[in-house]
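User: Could you walk me through this structure, one question at a time? I would like the cut-offs spelled out as we go.

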Amino acid sequence: MIAIIDYQAGNLTSVYRALRWLKQDCQITRDYEVLNSASHIIFPGVGAAGEAMAHLRQTGLDGVIVRLAQEGKPLLGICLGTQIIFDYSEENDTPCLGILPGEVKRFPDDMAYDGLRLKIPHMGWNSVSFRGDHPVFRGIPANAEFYFVHSFFPQPKRKENVLGTTSYGIEFSSAVGSENVVAVQFHPEKSGKPGLMLLENFCRWRGTDAE
Amino acid sequence: MLSKRIIPCLDVRAGKLTKGIKFKANIDIGDPVEAARQYYEQGADEIVFYDITASSDSRDIMIDIVRQVAEAIMIPFSVGGGIRTVEDMRRVILAGAEKISVNSEAVKNPPLIREGAKAFGSQCIVLGMDVKKVDVSPAIPSGYEMVIHGGRVFTGIDALAWAKEAESLGAGEICLNSIDADGTQEGYEIDLTSLISSNVSIPVIASGGAGKPEHLRDVLTRGRADAALIASMVHYDMYTIKDIKTYLNSQGIKMRMFW
């Protein structure tokens with residue numbers, strides 16, 4: 001069973017619907033027992049880092065997520081969920097979960113492309129250059145694009161945690177991970193076929209690189 | 001870099017498409033869920049629904065449609081028409097839409113934008129603007145005036161000033177419709193689109209006037225639009241979304257070509 005962590009941050013139902021589309025057994029939950037018995041954990045999120053972290057702390061879910069990640073269960077972060085697994089976010093000056101070393105930064109205001117100022121948020125479809133051959137990204141064609149909506153992006157401290165990059169004014173890490181943790185800045189649940197491929201790969205993944 | 005988005009717009013009245021949509025299979029379909037599915041499969045980057053009647057009965061029907069669409073397509077979609085309160089927004093979002101479009105309601109009650117953005121994030125709130133070209137005057141320095149209620153009521157509000165105000169209130173995107181160009185199929189209002197798009201930092205979707213792929217090329221380049229709304233040109237099977245994207249891609253405009 002795939003557990004989607006419920007922490008009142010944004011559109012959890014779209015992740016649920018995408019998994020149902022893939023005929024996966026899944027549940028939206030904040031119950032520790034259920035999370036613990038799940039085979040896979042998805043940590044989604046739309047919203048602001050400050051409010052999300054405050055909510056996780058209040059409910060004690062912060063410690064639960066860190067423990068689940070340490071126990072080796074396959075964990076997928078999405079968008080805000082991805083940002084929160086780092087040490088710190090510039091958004092609302094927020095200390096985060098510290099599952100991956102690094103920070104979350106805001107896009108600079110003065111980015112330009114072809115002489116035109118780039119808009120923030122980075123909203124729409126963009127490509128990802130995946131590095132290496134991670135099982136969660138396997139089979140996704142090079143010209144695939146994913147749906148992004150964000151003003152902040154993760155900046156891992158360690159190069160080996162960067163699993164994919166995207167270009168928008170700057171080159172930023174749009175897919176990150178380590179061991180059993182994979183996290184993406186885009187929304188696979190809203191990215192048509194390549195997004196569904198990614199989610200299906202994740203549901204099959206046992207949490208190790210060597211598969 | 002971001003791809004430019006192609007967004008078919010579906011008008012719904014009491015749960016049915018207001019005009020039957022004709023697909024390659026040569027069937028007329030009045031079912032908005034089926035139409036959304038077809039456009040998703042053809043490569044639409046997003047879909048917009050407008051609930052034309054928006055009486056309270058039809059809103060309930062619309063919520064049910066939103067729920068079905070959310071299960072049928074795995075791309076973002078927005079819903080507009082008759083949304084007056086944060087509660088209205090919440091129902092649409094919980095039913096599965098990514099974005100809500102507010103238009104006349106926001107002109108009459110600007111704090112609605114701020115309240116919506118606070119509750120759901122700016123990325124959820126699309127400002128729909130219906131704009132008409134008028135003489136430049138002290139009240140309308142840009143020469144473009146906001147009109148509401150489907151183009152029937154002039155507001156005396158300058159379109160550019162309103163776009164900037166809505167951005168500062170927290171709108172995450174603008175869907176900019178030219179009343180003059182709408183339905184003509186003779187091309188988008190390039191000057192208007194470029195004016196608004198270059199003066200706000202949120203994405204602008206151009207709307208009104210699309211009749212052939214060249215029109216999209218122009219508005220996505222000279223018009224500086226981030227996305228283009230289309231209706232008749234795909235509803236009546238003159239072009240498929242794939243035809244349009246293939247053409248734009250050949251013109252050097254970055255498009256999402258795998259779906």
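User: Which residue just after helix 6 of chain B takes a positive phi, and of about what value?

Analyst: A word on the basis first: this is a predicted model, where local features need pLDDT of at least 70, side-chain atom pairs count only at pLDDT 80 or more, and totals for chains, interfaces and linings use all residues. Residues are numbered from 1 along each chain as its sequence is written, while chains are lettered from A and ligands numbered from 1 in the order in which they are written. Helices are DSSP runs (H or I, at least four residues), as are strands (E, at least two), numbered from the N terminus. Just after helix 6 of chain B, the residue with positive phi is Gly170(B), at about 120°.

User: Over what arc do the buried residues of helix 6 of chain B fall?

Analyst: A residue is buried if 20 or more other C-beta atoms lie within 10 Å of its own, exposed if 12 or fewer, and partly exposed in between, with C-beta atoms placed from the backbone. In helix 6 (residues 159-169) of chain B, the buried residues are Ala159(B), Leu160(B), Trp162(B), Ala163(B) and Ala166(B). The arc is taken from the directions from the helix axis to the C-beta atoms. Seen down the axis, the buried residues of helix 6 of chain B line one face of the helix, because they fall within an arc of 160°.

User: Which residues of helix 7 of chain B does helix 6 of chain B meet?

Analyst: The axes (lines fitted to C-alpha atoms, for helices over the stretch in contact, with angles from 0 to 180 degrees between N-to-C directions) of helix 6 and helix 7 (residues 190-199) of chain B come within 10 Å and cross at roughly 35°. Their crossing is right-handed; a crossing has that hand if the near helix is turned clockwise from the far one by less than a right angle, and is left-handed if anticlockwise. Contact means that C-beta atoms, placed from the backbone, lie within 7 Å. Ala159(B), Leu160(B), Ala163(B) and Lys164(B) of helix 6 of chain B meet, in helix 7 of chain B, Leu195(B), Ile196(B) and Asn199(B).

User: How do the axes of helix 3 and helix 5 of chain B lie relative to each other?

Analyst: The axes of helix 3 (residues 86-94) and helix 5 (residues 111-120) of chain B come within 10 Å and cross at roughly 40°. Angles under 35 degrees count as roughly parallel, over 145 as roughly antiparallel, 65 to 115 as roughly perpendicular and the rest as oblique. Therefore helix 3 of chain B is, relative to helix 5 of chain B, oblique.

User: Which residues does Met89(B) touch, leaving aside neighbours within four places in sequence?

Analyst: Met89(B) sits in helix 3 of chain B and counts as buried, with 23 C-beta neighbours inside 10 Å. Its C-alpha atom is separated by 9.3 Å from that of Cys124(B), 35 residues apart along the chain. Leaving aside neighbours within four places in sequence, Met89(B) is in contact with Ile83(B), Ile100(B), Gly116(B) and Phe120(B).

User: Which elements of chain B do the buried residues of helix 10 of chain B pack against?

Analyst: In helix 10 (residues 241-250) of chain B, the buried residues are Ile241(B), Ile244(B), Lys245(B) and Leu248(B). They lie on the same side of helix 10 of chain B, because they cover an arc of only 95° around the axis. In chain B they pack against strand 1 (5-13), helix 1 (32-42), helix 8 (213-221) and helix 9 (232-235).

User: Which residues of helix 10 of chain B meet helix 8 of chain B?

Analyst: The axes of helix 8 and helix 10 of chain B come within 9 Å and cross at roughly 50°, in a right-handed crossing. From helix 8 of chain B come Pro213(B), Leu216(B), Arg217(B) and Leu220(B); they meet, in helix 10 of chain B, Ile244(B), Tyr247(B) and Leu248(B).

User: Which residues of chain A does Pro76(B) touch?

Analyst: Pro76(B) is in the loop between helix 2 (56-72) and strand 6 (77-80) of chain B, and is buried, with 25 other C-beta atoms within 10 Å. Not counting residues up to four places away in sequence, Pro76(B) touches Glu46(B), Glu98(B) and Lys99(B) and, from chain A, Tyr147(A) and Lys190(A).

Terms used
Contact = placed C-beta atoms within 7 Å.
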